Amino acid sequence: MLDNSVMSQESKTNTGVAVPIAVAMGDGIGPEIMKATLRILDAAGANIEPHTIEVGEKVYLSGETAGIGKEAWETIRKCKIILKAPITTPQGKGYKSLNVTMRKSLGLFANVRPVTSLHPYIKTFHTDMDVVIVRENEEDLYAGIEHRQTQDVYQCLKLITRPGSEKIVRYAFEYARAYGRKKVTCMVKDNIMKITDGLFHKVFDEISAEYPDIESETQIIDIASARLAAKPQNYDVIVTSNLYGDIISDIAAEIAGSVGMCGSANIGKEVSMFEAIHGSAPDIAGQAIANPSGLLNGAVMMLAHLGQNETADKIKNAWLRTLEDGYHTADIYQEGKSAKKVNTGEFADAVIERLGQNPEKLPMSTLASGSGEINIPDYNRKKEDKTLVGVDLFIDWEGSDANEIGNNLSKVTGGNLQLKMITNRGVKVFPNGMPETYCTDHWRCRFVPFKDGAPVYETEAYASVLELLNNANAAGFDVVKTENLYHFDGGRGFSLGQGE
Ligand code: NAD
């Protein structure tokens, strides 16, 4: 349960007023698995009051390109909790992903996906896997800020922020503590992206120090993904940024054999959304054979978030027992191993019959044994001294001789700013570049103050940058972008060029 949320104290305790939740029935198999899930929640005594909202295909086709209308937003704003069945995004241009819209508009900063293997009842590559992936959900390359700058070069901005990193890393540690997990592993690529991933790593080190009861470690994402695929039993909670998290959470679900079984939570400070990870499965829609387990697991996470941990455990344990007893929908049915192939409704009935029972072989769900309390304090920006020490001009130039552009640009100045070096795709090509380096039409030209004929990263007025830009323009250079070079409290806020 996320503290600071707007839920009343009563609703947190499972005894008071029923918690209003917005329910999206979804498309394809959505309504079938949602009905089954709600039936199980009701039978288990979940203290919720569902309010149906209209989102998805019908809304898209009515002309709302985001797949959600005003009324649904209002219900979400009132309820603060959403249980959502998968929806179908119509093919064709102009339709925006509802999930991305919801995540960004509602500030759902954490995507939490527990992945457990259910051997021998579900086919899996690994028999003892129990991992929770906590993925940053709002920033990184998913900010969607892309530009084409030259004929050759397209750019996507990777934004990693301190508030975003602090929120997600703290969420991972709070989650670990709240649910009795022992270790948090941070995954980054800061050997290459020293500033952006470096920040994420630094924040992880700072925050992990506040949780001495939880083991912490950092791994480089490439080898970490390989290790996760080979030895998932070595991982407990994983925290990482948006793109890496997107990739490893699918790897994890796939190797556990549970793509169709996993639930997922999208947690925000005000609003949170719970769902299955799979899609609307139009190929089997309307046949009443879909497996409701993914959505049910999403609903179990929702109950834990609401503080209804005992009900969450009750449902999860009955579900595990149902799988052990061999009641399997067609997607997980194994001839000779499963006891009975059941449809969606029969599966729900089997879970309901087992409410109050525990699994005999699979590990029991013990959500209620943790505190369930998750505390994310407000972000406090620390004031740092920011000084301008240079500028990178990105120039579109179709030539191939770095010395030619370098020698010409060396004649262009602004205040104390003079050309220090040029890189092409990050590799230094002027002065003293290597003839083998391939150059595109996108030249990053670094101007810094010169003192006594030597370049120094020292304070310079912004007016010098404007003068430099004017002079570069007058000299016929096509400047497509500038990036100011700053020091923050004296520390370098930019990367050096390879070979600088
Ligand atoms: P999908 O997950 O819907 O289906 C992939 C395969 O898994 C299909 O063979 C399907 O029959 C099977 N499957 C999925 N869920 C199942 C279940 N509960 N029980 C039994 N079998 C199940 O992926 P897709 O076919 O790529 O996408 C279909 C639609 O879903 C697309 O419109 C896509 O945009 C949408 N989608 C929505 C969400 C979401 O709303 N969160 C997520 C992913 C995809």
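Colleague: Let's begin with a proline. Where is P431 placed?
Modeller: P431 is in the loop between β17 (427-430) and β18 (442-451). Keep in mind that this is a predicted model.

Colleague: OK. Is the peptide bond from F430 to P431 cis or trans?
Modeller: The bond from F430 to P431 is cis. Its omega is near -10 degrees.

Colleague: And the bond from H119 to P120, cis or trans?
Modeller: That bond is cis too, with omega near 0 degrees.

Colleague: Where does P120 sit, then?
Modeller: In a loop. P120 lies between β4 (110-116) and β5 (130-136).

Colleague: Next, A288. What is its phi?
Modeller: A288 has a positive phi, about 60 degrees, although A288 is not a glycine.

Colleague: Which loop holds A288?
Modeller: The loop between β12 (272-276) and α10 (293-305) holds A288.

Colleague: Switching to the ligand. Which residues come nearest?
Modeller: G279, S280, A281, D283 and N291 come nearest, out of 18 residues around the ligand.

Colleague: What classes make up that shell?
Modeller: Seven residues are nonpolar, seven are polar and four are charged.

Colleague: Let's go atom by atom. What does H278 do there?
Modeller: H278 places a polar side-chain atom 3.1 Å from a nitrogen atom of the ligand.

Colleague: And G279? Which part of that residue lies by the ligand?
Modeller: The backbone. An N or O atom of the G279 backbone is 2.7 Å from an oxygen atom of the ligand. S280 also uses a backbone N or O atom, at 3.0 Å from a ligand oxygen atom.

Colleague: How much of the ligand does the protein bury?
Modeller: Taken alone, the ligand exposes 820 Å². The protein buries 63% of that.

Colleague: Now helices. What do we use to describe two packed ones?
Modeller: The angle between their axes and the distance between the axes.

Colleague: How does α2 pack with α12?
Modeller: α2 and helix α12 (residues 344-353) pack at about 15 degrees, with axes 9 Å apart. The two are therefore roughly parallel to each other. α2 passes α12 in a right-handed crossing.

Colleague: Last pair. What about α8 and α9?
Modeller: Helix α8 (residues 221-230) packs with helix α9 (residues 242-256) at an angle of about 15 degrees. Their axes are 10 Å apart. So α8 is roughly parallel to α9.

Colleague: Which hand does that crossing have?
Modeller: α8 passes α9 in a right-handed crossing.

Notes: Residues are numbered from 1 along each chain as its sequence is written. This is a predicted model: local features need pLDDT of at least 70, side-chain atom pairs count only at pLDDT 80 or more; totals for chains, interfaces and linings use all residues. Side-chain values use heavy atoms; hydrogens and water are left out. A residue is near a molecule or strand if one of its heavy atoms lies within 4 Å of it. A polar contact is a pair of N or O atoms within 3.5 Å; within protein, one must be able to donate a hydrogen and the other to accept it, and residues adjacent in sequence count only if both atoms are side-chain atoms. Accessible areas come from the Shrake-Rupley method with a 1.4 Å probe; for residues, only the protein chains shown count as cover. Ala, Val, Leu, Ile, Met, Phe, Trp, Tyr, Cys and Pro count as nonpolar, Asp, Glu, Lys and Arg as charged, and the others, Gly among them, as polar. Axes are lines fitted to C-alpha atoms, for helices over the stretch in contact, and angles run from 0 to 180 degrees between N-to-C directions. Helices (H or I, at least four residues) and strands (E, at least two) are DSSP runs, numbered from the N terminus. Angles under 35 degrees count as roughly parallel, over 145 as roughly antiparallel, 65 to 115 as roughly perpendicular and the rest as oblique. A crossing is left-handed if the near helix is turned anticlockwise from the far one by less than a right angle, and right-handed if clockwise.
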